[in-house]
Amino acid sequence: IRAIEERVGSITAISPTVEQGIKVTRGKRNFSAQLVGVTEEYLGINNLEVKEGRFIENTDGVNWDKVAVIGDKVRKEMFGKEDPLGQQVVVVVGNE
């Protein structure tokens, strides 16, 4: 990322992305979802807002923090009317 920023002076923000189909489990509820790995710059680049809680921060990656930002569809499916902030889910990637 830094090499691209240094070579292309007109770039003001960059966020690589990686996408993977996953299974999210909470108790007896299972839900298929799309995991999108990004950096904190992704929010501003895509003009998105977080309704509740916070977006990921670079320190989350540095510290290997187990944090996630979920979309409204996953929130409704996994938590119904419960508040999802601070709750835990199990994320299964691939055939694990």
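Two strands are taken to pair if DSSP finds at least two bridges between them. Helices (H or I, at least four residues) and strands (E, at least two) are DSSP runs, numbered from the N terminus. The model is predicted, so that local features need pLDDT of at least 70 and side-chain atom pairs count only at pLDDT 80 or more, while totals for chains, interfaces and linings use all residues. Residues are numbered from 1 along each chain as its sequence is written, and side-chain values use heavy atoms, with hydrogens and water left out.

An open sheet is formed by 3 strands in the order β2-β1-β3, with antiparallel pairing. Its edge strands, β2 (29–37) and β3 (90–93), each pair on one side only. Neighbouring strands are turned by 35° against each other on average, direction ignored; axes are lines fitted to C-alpha atoms, for helices over the stretch in contact, and angles run from 0 to 180 degrees between N-to-C directions. Strand β1 (residues 18–26) is joined to β3 by 4 bridges, and I22 stands opposite V93 in β3.

Helix α4 (residues 72–79) lies across β1 and β2 and runs at about 155° to β2. The largest nonpolar core consists of 7 residues, namely I22, V24, F31, A33, V74, M78 and F79. Such a core is a set of buried Ala, Val, Leu, Ile, Met, Phe, Trp, Tyr and Cys residues joined through side-chain atoms within 4.5 Å; buried means under 20% relative accessible area, exposed over 50%, and partly exposed in between (1.4 Å probe, protein chains only). The largest share of this core, 3 residues, comes from α4. Residues up to four places away in sequence aside, A33 touches Q20, G21, I22, V24 and V74, where contact means heavy atoms within 4.5 Å.

The whole structure contains 5 salt bridges, each defined as a side-chain nitrogen of Lys or Arg within 4 Å of a carboxyl oxygen of Asp or Glu. One of these salt bridges joins R26 and E82, with the closest N and O atoms 3.0 Å apart. R26 is in strand β1 and E82 in the loop between α4 and β3, 56 residues apart. R26 counts as buried because its relative accessibility is 18%, whereas E82, at 42%, is partly exposed.

Within helix α4, D72 and K76 are 4 residues apart, about one turn of the helix, and their side chains meet in a salt bridge (3.2 Å, N to O). D72 also forms a salt bridge with R75, the closest N and O atoms being 2.8 Å apart.
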